[in-house]
Amino acid sequence: NTIKIIIKNKITNLEYMFGNCSCLKNIDELKFLETNDINNFEGMFKGCSSLLNINGLVNWNVSKANNFASMFSKCSSLLDINGLINWNVSNANNFTGMFSKCSLLQNINGLKNWDVSNANNFIGMFCRCCSLSDINGLKNWDLSNANNFEGMFWECLSVKDIDGLKNWDVSKVNNFEGMFYRCSSLLNLKPLQNWKISKSHYNSMGFPLSRMNIIHNN
């Protein structure tokens, strides 16, 4: 349940390095891992269901990485991701399922300073994060190049407030399918009125029609 790694040769790909290491709890020693040249982190900790915190990653240089898909998917013991607060993800384009099924995750403020301006794919990024209640830490995200939000907050059962998303630039997004599907605690949809997208896009987000009237009637 602990690790210590010495890598002598230059590496660029950490894809699924610890995938399904379900007993892994402590990754503090990874603070010494040289990540300057890594371009692919896909699934690196996917299925690490005992992982309690990722603070050991706080000083990682991930500036060359373009793929973070499923990196922490199914890390079902994580409570927060504040260890990612300093990450430079400005080169990233794929965040598909990065935190999907992190069922105890409550706080995503560690992402508040992320530069996601080059990213286009956010499919299922927080899918089934059923303990997540506050996503307003994402309010300053530059999503001007995003094109796919399919299932981004699918089954985030505890999310109550999306006011922080009201100024998102979603002008290039062409897929909102199930973005808020089964977000049963989310009652106020008025922040979405600012998005200036088609009625069909609103209807595809997964809300009951009775709630969609809040948008369509204003």
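Is W141 buried or exposed, and at what relative accessibility? W141 counts as buried, at 4% relative accessibility; buried stands for under 20% relative accessible area, exposed for over 50% and partly exposed for the range in between, with a 1.4 Å probe and protein chains only. The close-up views below come from a predicted model, in which local features need pLDDT of at least 70, side-chain atom pairs count only at pLDDT 80 or more, and totals for chains, interfaces and linings use all residues. Residues are numbered from 1 along each chain as its sequence is written, and side-chain values use heavy atoms, with hydrogens and water left out.

**View A. Stacked rings of F45 and F72.** The whole structure holds 23 aromatic pairs, where rings of Phe, Tyr and Trp (its six-membered ring) pair if their centres lie within 6.5 Å, and planes under 30 degrees apart count as stacked, over 60 as edge-to-face and the rest as tilted. F45 and F72 make a stacked pair, 5.5 Å centre to centre with 5° between the planes. Both F45 and F72 lie in the segment before helix 1, so their pair ties together parts that are 27 residues apart in sequence. F45 is buried at a relative accessible area of 0%, and F72 is buried at 0%.

**View B. Tilted rings of F122 and W141.** The ring centres of F122 and W141 are 6.1 Å apart and the planes stand at 40°, so this pair is tilted. F122 and W141 are both in the segment before helix 1, and the pair ties together parts 19 residues apart in sequence. F122 is buried, with a relative accessible area of 0%.

**View C. A cluster of linked rings.** Ring pairs link F41, W60, F68, W87, F95, W114, F122, W141, F149, W168, F176 and W195 into a cluster.

View D. With a disulfide taken as a pair of cysteine sulfur atoms within 2.5 Å, the count comes to 0. The sulfur of C130 has its closest cysteine sulfur in C129, 7.8 Å away and too far for a bond. C130 is partly exposed, at 30% relative accessibility. C156 is likewise in no disulfide, and the nearest cysteine sulfur, in C183, is 5.3 Å away. C156 is buried, at 0% relative accessibility.

View E. S204 sits in the loop between helix 1 (199-203) and helix 2 (209-216); helices (H or I, at least four residues) are DSSP runs numbered from the N terminus. S204 is buried, with a relative accessible area of 16%. Apart from neighbours within four places in sequence, S204 is in contact with F176, E177 and G178, contact being heavy atoms within 4.5 Å.

Technical notes: Helices (H or I, at least four residues) and strands (E, at least two) are DSSP runs, numbered from the N terminus.
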